[in-house]
Amino acid sequence: MWGDGSVTTAMGSIVSIMSTKQAVKASWPIYLVAILIGAIIAGSISYSFLAESLAALGIPDPGPATTFGLPALRAVAWLLAALSIGSFLFSAFLIPPDNKNLRDARLTVDGHIAARTGASAALGLAVIAAIMIPMVLSDVSGTPLAQVLFQPTAWVTAVQQVAESAVWGIVAVISLVVALCGYIFATWMSQPPMFIASILMIIPLGMEGHAATGGDHDYGTNAYLWHLVFIMVWIGGLFALIAHGRRLGPHMEKAVARYSRIALFAFLAVTISGLISMVIRIELSDLFTTRYGLIIVAKMVGTVIVGLLGFAHRQITIPKLGTDRFAFTRLAAVEVVVMAAITGIAVTMGRTPPPPPRDPNLTAMQIQMGYNLYEPPSIAATFTNWRFEVLFTVIAILLAVYYLHLVRRVPNWNKKYTAWWLLGCIALGVTMSSGMGMYMPAAYSMHMVVHMILSMVVPVFLVLGAPLTLIREAYPADEFNPRAWAEAFQNSKFLEIFTHPLISTVQFLSVFYVIYVFPDLYAVAISEHAGHVIMNTAFLVSGYFYFWELVGPDYIRGRKSTPVRLAVLFVSMPIHLFMGVYLMQMTSVLGEDFYTSLMLPWNPDLHSDQRTGGGIAWASGSFPLALVIGILLVTWRREDKSQSVEVDEKLDAEGDDEWESYNEMLATYSQGGQGAQPRVSTSAWTGAKPEETEMLGLGGNLPGNKKNGPKIALRRDADASDKQPEDGSDKSDSGNSN
């Protein structure tokens, strides 16, 4: 059920409290205990391993303020991030807003409390991240913390010369922005973006550490990203539910049910990603013979315990929520404590030297990319080299599975939409896991192939799958479910602005030009794994929004007419393709230092390869261009025909006063001007001056009048595809039509 207003929700909370005779309890003590446990465990274990770590790093002891404080504060940062993420998850997805008018819906009292908690936790993370900037410098240099903490020049040196300090600086900035926005925005529509932004706070932390270096680091980093994000969602969601249960908030049963599904997926994601990271980093024999292995074993044991506690929730406490919600919160508090301990243990992995690599003689390619390539790129090499990519390929699989799950709920779903969506998912997975994805960081030409596919092929296929229409049709309209989120997004002001032809075109072209016009930016994007992830994400998202406005069947508020969209396409595509000409004419080589450092065995001609890439950029736009133009022309013809039929039906049903007036006018002129004055002038129909009408021979009734001959359909310059109701329903191309 939806909330019917903040007053009604508040009254429901009061009635619930009076009926259960239970007192509202504060949640901050649980937060504090969990954070202290994580910090103490992380600091203690790291401090006990201090001598071995310092010896491996070859640096002096900076003192206990750093050796104990750095891992302790890192654990605090992770738990604050989890609290922020879980709070925004709760306010956005676990409980409904105060009314069904989602565009203007305010948060309920409980949603507002959760959002403020998320903002406060983000602010705390920003403070911790700022302190970590000089603390990391103290750690890597062996300088006591007191000597760098209050020296502004030391902060500048840390950000400029120490990669981990720079990462914490980025985290501090993002967290501060999230905190400020969390305090300012109080509408329900703002909460899903806040949830996404809160996840972005921790992404930089997932790009550094042991997983981001050495052989197979592409697997290690991507697996670690999955691991970090979902353990934060898992812990944070439980934090939020404990708080909601202790304040006796409404909708507890449904919120727990939603979180239970999320927690199950998070458990699987954390387990699988953890196993991938373990297999990459150590041998099985290292598990009980090295400290790094023992830490992994402790994490595995903790994860199993948390999984068993989750099973106990499903079997014992969740069925009792209606009568004793504190049974859930008590067990959940124990679960959070265990999760905090796991977090503290996990933090120590970054302070503990891992076992030596299996192959001590890593090539330059393995160090930079994570794997080796043995032959130059070719069509044969593209489809004979395969390496499963564990980020975008997994996303493609999940998107396909969820789409097919929804199709089962809509029996009459249009099969062409399903085909387009699956084709897009397959294209994404094959591109990233085949030789195309493998050669992307090693050859500019193959980089451009992948760029064109991610920005101009995969998005076209995906938008033609009409995913938001499918979500609307798969879920009932009178409940708080994914349909509500889809409709709110489609009717949002953000989407209306972002899909405006001018803005959509500018952002699409900017992603292309900015990356290649600024050589230093391109060099960073291809040399860092984080750069690859951000760049590929930008290609996909930018292309999706651009082509969604052009040809997507999903409803978009304020979408322009088909002729306007055709004009936008014809204007933007030449500008996009011109970049290929620019690249072919460049005399310098983009990313030359990085490509040279790979020491590729076929010793490529980098300048020639770049010209090839420019040619690919120039020529590869023909396929999506032809497809999109064809779709727009068919759409225009269909709308034109629909308008003609609409006019004919109106004339048949209501008659046409203008035709009657026209016939009266002709009859008047045929009788020498006698009789009543016509209600319309001849020029309104012929474009001639009244005195010229007689010269044109317009006497008597024409065969095309309403009574004596076929009708002439009056055409109107309007776009039928935009005649959509405000609630997001789509009448122009129903998802249920075959």
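Student: What is the relative accessible area of Glu-496, and how do I read that value?

Tutor: Glu-496 has a relative accessible area of 25%, so this residue is partly exposed. The cut-offs are under 20% for buried, over 50% for exposed, and partly exposed in between, with a 1.4 Å probe and protein chains only. Before we go on: this is a predicted model, where local features need pLDDT of at least 70 and side-chain atom pairs count only at pLDDT 80 or more, while totals for chains, interfaces and linings use all residues. Residues are numbered from 1 along each chain as its sequence is written, and side-chain values use heavy atoms, leaving out hydrogens and water.

Student: Which residue forms a salt bridge with Glu-496?

Tutor: Side chains of opposite charge can pair when their charged atoms come close. Here a salt bridge means a side-chain nitrogen of Lys or Arg within 4 Å of a carboxyl oxygen of Asp or Glu. For Glu-496 the partner is Arg-557, with the closest N and O atoms 3.3 Å apart. That pair links distant parts of the chain: Glu-496 is in helix α24 (residues 493–498), and Arg-557 is in the loop between α27 (529–551) and α28 (562–585), 61 residues away. Arg-557 counts as buried at 16% relative accessibility. Lys-493 joins in too, linked with Glu-496 and Arg-557 in a network of salt bridges.

Student: How many salt bridges does the structure hold?

Tutor: There are 6. Another one to click on is Asp-110 with Arg-247, at 2.9 Å from N to O. Asp-110 lies in helix α6 (residues 109–141) and Arg-247 in the loop between α12 (217–246) and α13 (252–281), so this pair ties together parts that are 137 residues apart in sequence. Asp-110 is buried at 5% relative accessibility, and Arg-247 is buried too, at 15%.

Student: Where does the Glu-487 and Arg-483 pair sit, and how many residues separate the two?

Tutor: An α-helix has 3.6 residues a turn, so residues three or four places apart point the same way. Glu-487 and Arg-483 are 4 residues apart in helix α23 (residues 482–490), so about one helical turn separates them. Their closest N and O atoms are 2.9 Å apart, which makes a salt bridge. Glu-487 is buried, with a relative accessible area of 17%.

Student: How many helices and strands are there overall?

Tutor: Helices (H or I, at least four residues) and strands (E, at least two) are DSSP runs, numbered from the N terminus. By that count the protein has 33 helices and 0 strands. Of its 738 residues, 52% count as buried.

Student: Which residues does His-227 touch?

Tutor: Contact means heavy atoms within 4.5 Å. Setting aside residues up to four places away in sequence, His-227 touches Val-270, Ser-273, Gly-274 and Lys-299. With Lys-299 there is also a side-chain polar contact of 3.3 Å. A polar contact is a pair of N or O atoms within 3.5 Å; within protein, one must be able to donate a hydrogen and the other to accept it, and residues adjacent in sequence count only if both atoms are side-chain atoms. His-227 sits in helix α12 and is buried, at 11% relative accessible area.

Student: Which residues form the nonpolar patch on the surface?

Tutor: Patches take residues with over 30% relative accessible area and no salt bridge, joining like charges within 9 Å and nonpolar side chains (Val, Leu, Ile, Met, Phe, Trp, Tyr) within 5 Å. This one is made of Leu-123, Val-127, Ile-131, Leu-176, Leu-180, Tyr-183, Ile-184 and Phe-185, with about 690 Å² of accessible area together. Those areas come from the Shrake-Rupley method with a 1.4 Å probe, and for residues only the protein chains shown count as cover. The largest share, 4 residues, comes from α9. Phe-185 is in the loop between α9 and α10 (191–200) and is partly exposed, at 42%.
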